[in-house]
Amino acid sequence: MENEKDLKDLETEQSALSEEETSEQHDAPSEKNESSELEEALGKIASLEAKAEEYETKLLRVQADFENYKRRARMDAEAAQKYRAQSLVSEILPALDNFERALKVEAADEQTKSLLQGMEMVHRQLVSALKAEGVEEIETVGKPFDPQFHQAVMQAEEEGYEPNTVIEEFQKGYKLKDRVIRPSMVKVSQ
């Protein structure tokens, strides 16, 4: 009976060992499956992180472009506001020149003198309105020649003037704030 009992114990041990081997064999492919799934999941995570980083970079670029656009639009609006009177001033300047030429006429009688006084008043008002908008005359005579502000139409040798100095002004130049509307036409010393 003991032999039978030993035999049964031995068979039980063998069946337990064979079950362990079978379960180990089943576990090994399961571990391989888990490992490949883990690698696949890690690969997906890496690709998603790369995409997220790419989108974040694009977002930052778009935000920077938008900020630049807003800054440019604000600067354009400020410039438009600052120089809004430029076209009007450009059209008024020839009339102002004609006023100044007319004011140089010598008055022979009282009627002409009163007409000239009226023109002087209109001229002063016109100059005052232009100054209120930021229009300034460009200084010329005795100043060094500057091609940004002066247009040389003649050169001459004059005593008492250094070379490249404005000697005479033929037509007044004007600037609106810091922008030249019309350069002065000048004669420059050699």
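Trainee: Which residue does glutamate 110 form a salt bridge with, and how far apart are the closest N and O atoms?

Mentor: Start with the general idea: side chains of opposite charge can pair when their charged atoms come close. The cut-off used here is a side-chain nitrogen of Lys or Arg within 4 Å of a carboxyl oxygen of Asp or Glu. Glutamate 110 makes such a bridge with lysine 113, with the closest N and O atoms 4.0 Å apart. Keep in mind that this is a predicted model, where local features need pLDDT of at least 70 and side-chain atom pairs count only at pLDDT 80 or more, while totals for chains, interfaces and linings use all residues. Residues are numbered from 1 along each chain as its sequence is written, and side-chain values use heavy atoms, with hydrogens and water left out.

Trainee: Where do glutamate 110 and lysine 113 sit relative to each other?

Mentor: Both are in helix H3 (residues 110–132), and because they are 3 residues apart, about one helical turn separates them. Helices here are DSSP runs of H or I with at least four residues, strands are runs of E with at least two, and both are numbered from the N terminus.

Trainee: Is glutamate 110 buried or exposed?

Mentor: You read that from relative accessible area: under 20% is buried, over 50% is exposed and anything in between is partly exposed, using a 1.4 Å probe and protein chains only. Glutamate 110 is exposed, at 61%. Lysine 113 comes out as partly exposed, at 40%.

Trainee: How many salt bridges does the structure hold?

Mentor: There are 10. One of them joins the side chains of aspartate 97 and arginine 182, at 2.7 Å from N to O. That pair ties together distant parts of the chain, since aspartate 97 is in helix H2 and arginine 182 in strand S5, 85 residues apart. Aspartate 97 is buried at 7% relative accessibility, and arginine 182 is buried too, at 14%.

Trainee: Which residues are linked in a network of salt bridges?

Mentor: Glu100, Glu137 and Lys172 are. Within it, glutamate 137 bridges to lysine 172, with the closest N and O atoms 3.2 Å apart. Again the two come from distant parts of the chain: glutamate 137 is in strand S1, lysine 172 is in the loop between S3 and S4, and they are 35 residues apart. Glutamate 137 is partly exposed at 43%, as is lysine 172 at 24%.

Trainee: On to sheets. In what order do S1, S4 and S5 come, and what is the pairing?

Mentor: Strands of a sheet pair through backbone hydrogen bonds, either parallel or antiparallel. Here two strands pair if DSSP finds at least two bridges between them. These 3 strands form an open sheet ordered S1-S4-S5, with antiparallel pairing. Strands S1 (135–137) and S5 (179–182) are the edges, each pairing on one side only. From one strand to the next, the twist averages 35 degrees. For such angles, axes are lines fitted to C-alpha atoms (for helices, over the stretch in contact), and values run from 0 to 180 degrees between N-to-C directions. S4 (residues 174–176) and S5 share 3 bridges, and tyrosine 174 has arginine 182 as its bridge partner in S5.

Trainee: Which helix lies across S1, S4 and S5?

Mentor: Helix H2 (residues 86–103), running at about 50 degrees to S5. Contact, by the way, means heavy atoms within 4.5 Å.

Trainee: Which residues make up the largest nonpolar core?

Mentor: A nonpolar core is a set of buried Ala, Val, Leu, Ile, Met, Phe, Trp, Tyr and Cys residues joined through side-chain atoms within 4.5 Å. The largest has 10 residues: Tyr83, Ala85, Val89, Leu93, Leu96, Leu130, Val135, Tyr174, Leu176 and Ile181. H2 and S4 are the elements giving two or more residues to this core, and H2 gives the most, with 3. Leaving out residues up to four places away in sequence, valine 89 touches Leu130, Val135 and Ile181.

Trainee: What is the order of the sheet that holds S2, S3 and S6?

Mentor: This open sheet of 3 strands runs S2-S6-S3, with mixed pairing. S2 (150–156) and S3 (166–171) are at the edges with a single partner strand each, so one side of each has no neighbour in the sheet. S2 and S6 pair in the parallel sense over 6 bridges, and glutamine 151 has methionine 185 as its bridge partner in S6.
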